[in-house]
Amino acid sequence: MTSDLVNPVSARLIADEITAGNMSAEDALTLCRARLNASEPVLNAMTHVPETWQAASGPLSGIAIGIKDVFDTFDMPTRYGSAIYPDHQPTTDAALVTMLRNAGATIAGKTVTTEFAWFSPGPTANPWNTDHTPGGSSSGSAAGVAAGFFPAAIGTQTGGSICRPAAFCGVAGYKPSFRLFPTIGLKHFSWSLDTVGFFAASVSDVAFVAAACSGRDLDCGTAMPSAPRIGVYSGTVDDAMDDDMATAISEAAKLAQTAGATIIHIKGPAEVEAARDAHAPIQDFEAVMALGDEQRRHADGFTPKLSSYLADAAKLTPDDYDNARRTANRARKAAHALFEDCDVLLMPSAPGVAPETLASTGDSVFNRLWTLLGLPAVNVPGTIGRKGLPLGLQIVGPFGKDRRTLECAHWLEKVISQ
């Protein structure tokens with residue numbers, strides 16, 4: 001059902017209004033809390049919401065932040081999307097949650113995740129059309145930002161769980177370079193792949209929040225940066241994109257070139273593309289160990305889908321795992337050459353718009369490789385496809401060049417929105 005629930009709030013604008021004295025932190029929180037109270041019964045984006053939200057001081061004062069329910073919180077239940085943990089209450093915060101609190105953010109509550117941040121979906125609907133998936137596994141975080149429940153949220157990406165839901169919900173999603181942000185206090189599914197990241201209304205907003213909580217030079221501001229050199233990436237999975245997405249990529253490249261960008265076309269090198277097949281054995285082998293205790297003592301609490309997955313994953317041998325890691329390492333080295341003639345790569349964030357189902361979170365086919373390589377990736381919102389649903393364009397940058405990647409994504413967002 002097409003809805004009128006899309007109403008994202010700018011984190012940067014709130015911070016600027018509070019600094020200018022035009023709004024109090026309490027007023028900003030009240031605005032978002034009213035939206036959450038009104039629309040949560042329809043969206044089902046939250047697993048827990050505190051009775052009250054308290055403002056604090058700092059650069060994120062007045063900014064409510066949704067926390068994906070795989071991050072530990074000392075004052076709220078943490079259920080990991082699993083029936084095994086109905087009343088689980090950690091005694092400490094995850095490191096990233098502490099960083100947000102220290103920056104003055106207000107923790108808005110815990111957002112719905114798929115089971116252990118894997119594929120079994122929760123009840124969350126897409127704010128653009130409640131018959132469609134919001135994506136996963138960071139379902140509630142992306143949907144909550146799109147609906148204005150909070151200006152920003154955090155999530156995780158093991159395959160495509162930041163960029164894909166951000167694309168489906170029409171918001172910005174930033175997956176940092178691997179290990180740029182801490183995963184301490186996160187329920188791991190695959191420790192070699194799990195990467196924490198951020199959602200916000202725009203690329204400028206997501207960069208502001210990431211910078212404010214980390215103290216890192218990530219804030220790309222609001223001004224138009226210099227036109228980038230963009231490599232339009234062609235890989236072995238391009239047949240997975242639908243006609244809508246293919247047109248969106250082509251049109252974005254034309255608009256970018258008209259606006260001054262240098263556009264080149266890059267065919268994925270064989271050594272990089274070979275790593276696509278390494279993602280699954282690395283994830284699967286590690287998932288068996290990460291969930292080993294749950295499987296040994298609480299397997300009756302798994303969904304049948306997860307039980308079947310882990311049974312198949314257990315057939316992998318250490319040699320399978322080590323061979324996949326070697327393939328991934330070769331690809332990481334080869335990936336440096338992708339950026340010799342360009343600043344960033346352009347490709348889809350997803351095959352198309354959000355599928356019309358709540359029984360699936362969509363396909364991460366365009367995300368898994370870049371997660372495996374540990375490169376920063378940003379979903380750029382602003383493109384609309386069939387049925388009036390958002391399409392996500394993905395910008396990928398060199399490892400460790402997160403600020404420049406965000407700048408380029410911000411530039412493209414401004415170009416396609418003009």
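Is Phe116 buried or exposed? Phe116 counts as buried, at 2% relative accessibility (buried is under 20% relative accessible area, exposed over 50%, and partly exposed in between, with a 1.4 Å probe and protein chains only). This residue is not a glycine, yet Phe116 has a positive phi of about 50°. Phe116 sits in the loop between β3 and α4, where helices (H or I, at least four residues) and strands (E, at least two) are DSSP runs, numbered from the N terminus.

Before going on, a word on the model: it is predicted, so local features need pLDDT of at least 70 and side-chain atom pairs count only at pLDDT 80 or more, while totals for chains, interfaces and linings use all residues. Residues are numbered from 1 along each chain as its sequence is written, and side-chain values use heavy atoms, with hydrogens and water left out.

Ser137 also lies in the loop between β3 (106-111) and α4 (139-146), and a cis peptide bond with omega of about 5° joins Gly136 and Ser137. Lys387 is another non-glycine with a positive phi, here about 60°. Look for Lys387 in the loop between β10 (377-384) and β11 (390-396); this lysine is exposed, with a relative accessible area of 54%.

## Salt bridges

Searching the whole structure turns up 18 salt bridges (a side-chain nitrogen of Lys or Arg within 4 Å of a carboxyl oxygen of Asp or Glu). One of them pairs Asp217 with Arg403, with the closest N and O atoms 2.5 Å apart. Asp217 is in the loop between α6 (203-214) and β7 (229-234) and Arg403 in helix α14 (residues 402-417), so this pair ties together parts that are 186 residues apart in sequence. Asp217 is exposed at 58% relative accessible area, whereas Arg403 is partly exposed at 26%.

Arg403 also meets Glu407 in a salt bridge, at 3.0 Å from N to O. Those two are 4 residues apart in helix α14, about one helical turn, and Glu407 counts as buried at 17% relative accessibility. The pairings extend into a network of salt bridges that links Asp217, Arg229, Asp343, Arg403, Arg404 and Glu407.

Over in helix α7 (residues 243-258), Glu251 and Lys254 are 3 residues apart, again about one helical turn. Their side chains form a salt bridge at 3.8 Å, N to O. Both ends are partly exposed: Glu251 has 38% relative accessibility and Lys254 has 47%.

## Where α1 meets α6

The axes of helix α1 (residues 11-19) and α6 come within 7 Å and cross at roughly 65° (axes are lines fitted to C-alpha atoms, for helices over the stretch in contact, and angles run from 0 to 180 degrees between N-to-C directions). Helix α1 brings Ala11, Arg12, Leu13 and Ala15 to the contact, and α6 brings Ser204, Asp205, Phe208 and Val209; contact means heavy atoms within 4.5 Å. These residues divide into 5 nonpolar, 1 polar and 2 charged (Ala, Val, Leu, Ile, Met, Phe, Trp, Tyr, Cys and Pro count as nonpolar, Asp, Glu, Lys and Arg as charged, and the others, Gly among them, as polar).

The largest pocket has a volume of about 340 Å³. On a 1 Å grid over the protein atoms alone, a pocket is an open set of points where a 1.4 Å probe fits, with protein on both sides within 12 Å along at least five of seven lines, and lining residues have an atom within 4 Å of a point. Grid points are joined across faces, edges and corners, and the volume is the space filled by probe spheres set on the points. Of the 18 lining residues, Arg332, Leu372, Leu373, Gly374 and Phe399 are the closest to the centre of the largest pocket. α12 (318-335) and α13 (368-373) each supply at least two lining residues, with α12 giving the most, 5 residues. The lining divides into 10 nonpolar, 5 polar and 3 charged residues.

The second largest pocket has a volume of about 210 Å³. Its lining also has 18 residues, and Phe119, Gly159, His279, Gln283 and Ser364 are the closest to its centre. Helix α9 (residues 279-290) gives the most to this lining, with 4 residues.

## Trp370

Trp370 is in helix α13 and is buried, with a relative accessible area of 1%. Leaving aside neighbours within four places in sequence, Trp370 is in contact with Lys175, Tyr233, Leu338, Leu345, Met347, Leu375, Gln394 and Val396.
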